[in-house]
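Work through the exercises below with the sequence and the 3D structure at hand. Each task is followed by its solution.

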Amino acid sequence: MTSDTNPHGRAGAPSLPTTDWSKKPLRELIGHIVQQHHEYLREEMPTIEEGLELMTVKLGERARGTLVPLLDVFTEMKNELDDHMRKEEMILFPFIERTERYFEEGIPAEPPPFGTVRNPIQTMLIDHDSTFDALKQMRHLTNGYTLPGEDREAHEALYKGLEELESDLRIHIHLENDILFPRAQALESDAIR
Ligand SMILES: [Fe+2]
Ligand SMILES: [Fe+2]
């Protein structure tokens, strides 16, 4: 078992992947991304959002400076990511898997309805940049997740959850931007003649 089989159970922080994904079949990499990283986000994001909402209510006026704007940025990022993951799972990933299967079976693949895989990839890259922007804004708002003097304990679990989410997202986006997408583009050039 590699350490990225279950990198972010509640017991521990996300760890760097140890599998060499540059050599595994793309369908395995896609399965890993969906099962580990997409599922993690779908589980954790609503929990964090709920925690933030409860805290803003509980702290009232004292939440105005940091938690209220933090909740705004987080909710927008969450909604964008939900949408983004759906696009990956319904359009881009199935296309990559199909292209790989055709290539392995020696069947000439038809060009996709979106012209080339570069087009949806370009859209996904823009989405990823938007996620990075949100992560940066949240770090800025919380002063790098530094616990405040007041209501320290209340912030602790929340900030920890947000930092774990950031680490996981960085691994997730690295796997897509730096491994899956370049390999999918190379595969498309080989498969579609
Ligand atoms: Fe993804
Ligand atoms: Fe993505």
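Predicted model: local features only at pLDDT ≥ 70, side-chain atom pairs only at ≥ 80, totals over all residues.

Residues are numbered from 1 along each chain as its sequence is written, and chains are lettered from A and ligands numbered from 1 in the order in which they are written.

**Exercise 1.** State how many helices and strands the protein has, and their order.

Solution. Take helices (H or I, at least four residues) and strands (E, at least two) as DSSP runs, numbered from the N terminus. The count is four helices and zero strands. Read from the N terminus, the order is α-α-α-α.

**Exercise 2.** Find how α2 and α4 are oriented to each other.

Solution. The axes of α2 (residues 67-105) and α4 (residues 152-191) come within 10 Å and cross at roughly 45°. Angles under 35 degrees count as roughly parallel, over 145 as roughly antiparallel, 65 to 115 as roughly perpendicular and the rest as oblique. The two helices α2 and α4 are therefore oblique to each other.

**Exercise 3.** Identify the residues through which α2 meets α4.

Solution. Contact requires C-beta atoms, placed from the backbone, within 7 Å. On α2 the residues are I96, T99, E100, Y102 and F103; on α4 they are A184, L187, E188, D190 and A191.

Key: Axes fitted to C-alpha atoms, helices over the stretch in contact; angles between N-to-C directions. Contact = placed C-beta atoms within 7 Å.
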